Amino acid sequence: MIPYLARLLDIMNNGALPGDWKTATMIPIHKGGDRSLVTNYRPVSLNSIVCKQMEHAIASYLRQVWDVNNWLYKGQHGFRPGYSCESPIITLCQDIADSLNNGDRIVAIIVDFSKAVDLVPHGQLLAKIANSGVDSRLVVWIREFLVGRTQRFRVVRQLLQEVRVTSGIPQGSVLGPLLFIAYVNDIWRNMASTIRLFADDCIIYRKITKNEDRNIAERSRQARGVGGCKCDENKFE
């Protein structure tokens, strides 16, 4: 076990990963419906088990540093200890109930980011992680983890040709969820409304108490299609 751990630490210090760690095999899983439609399949990624062990250690370090620095946005409920998919719903329902009890109205915009995980630009993600207070060697390791990846699909028993992955978070990885919430961590900046998130599920809402609140909500409504997302607007009154 000691030589094994020493080898992992040596790989991290050198900022290099074996090629096998950056190659994924994708298996399409049928979700239901017409089997001839590609949209009815969900890709499942098979990655290196050894790499995942290293990812667990790095994920623990990231959580520790981000907790100490209070870096993660408090409205992000995804992939964080003590949070769950129910916690943002409970918080939102309580805010709506309090507003209705006070006779106020709430305007809410529900955002669905299109292909959010697949389109994350590596350069911007690494810049945000570098500014989060983590060791610079770890930023180099994560860059090596993201850049130069390949994947190939396995259909039945046939392996298709490998293709390069130039953006996005590696599916099926341990670090993937943490890297994504790091990328969207500054979504709340320059926003006058309340934002609740669970990973890429996002709701923006604001209590309407005066005319200025209506103007802010209208500006949010006009900008809701920006950034490759789909939005639905709801009013609670």
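Reply: Start with K22, which touches L17, E144, F145, V147, G148, R149 and T150, leaving out residues up to four places away in sequence. Contact here means heavy atoms within 4.5 Å. This is a predicted model, in which local features need pLDDT of at least 70 and side-chain atom pairs count only at pLDDT 80 or more, while totals for chains, interfaces and linings use all residues. Residues are numbered from 1 along each chain as its sequence is written, and side-chain values use heavy atoms, without hydrogens or water.

K22 sits in the loop between α1 (2-14) and β1 (23-30). Helices (H or I, at least four residues) and strands (E, at least two) are DSSP runs, numbered from the N terminus. K22 counts as buried because its relative accessibility is 10%. The cut-offs are under 20% relative accessible area for buried, over 50% for exposed and partly exposed in between, with a 1.4 Å probe and protein chains only.

K128 is another lysine to check. It lies in helix α4 (residues 122-130). K128 is buried because its relative accessibility is 18%. Its contacts beyond four places in sequence are W71, A182, Y183 and D186.

Helix α4 leads on to the core. The largest nonpolar core has 31 residues, and L125, W141 and L179 touch the most other members. Such a core is a set of buried Ala, Val, Leu, Ile, Met, Phe, Trp, Tyr and Cys residues joined through side-chain atoms within 4.5 Å. Two or more residues each come from α2, α4, α5 (136-146) and α6 (176-183). Helix α2 gives the largest share, seven residues. There is also a second, separate core of seven residues, including I109, V111, I195 and L197.

Now the largest pocket. Its volume is about 910 Å³. On a 1 Å grid over the protein atoms alone, a pocket is an open set of points where a 1.4 Å probe fits, with protein on both sides within 12 Å along at least five of seven lines; lining residues have an atom within 4 Å of a point. Of the 29 lining residues, R42, P43, V117, D118 and Q171 are the closest to the centre. β2 (41-46), β3 (105-113) and α6 each give two or more residues to the lining. By class, 16 lining residues are nonpolar, six polar and seven charged.

Two backbone angles deserve a check. N70 is not a glycine, yet its phi is positive, about 50°. N70 is in the loop between α2 (49-69) and α3 (86-101). With a relative accessible area of 64%, N70 is exposed. V156 is not a glycine either, and its phi is about 60°. V156 is in the loop between β4 (149-155) and β5 (158-159). Its relative accessible area of 76% makes V156 exposed.

Last, the cysteines. The structure has zero disulfides, a disulfide being a pair of cysteine sulfur atoms within 2.5 Å. C51 is buried at 1% relative accessibility. C85 is partly exposed at 41%.

Key
Points joined across faces, edges and corners; volume = space filled by probe spheres on them. Nonpolar A, V, L, I, M, F, W, Y, C, P; charged D, E, K, R; others polar.
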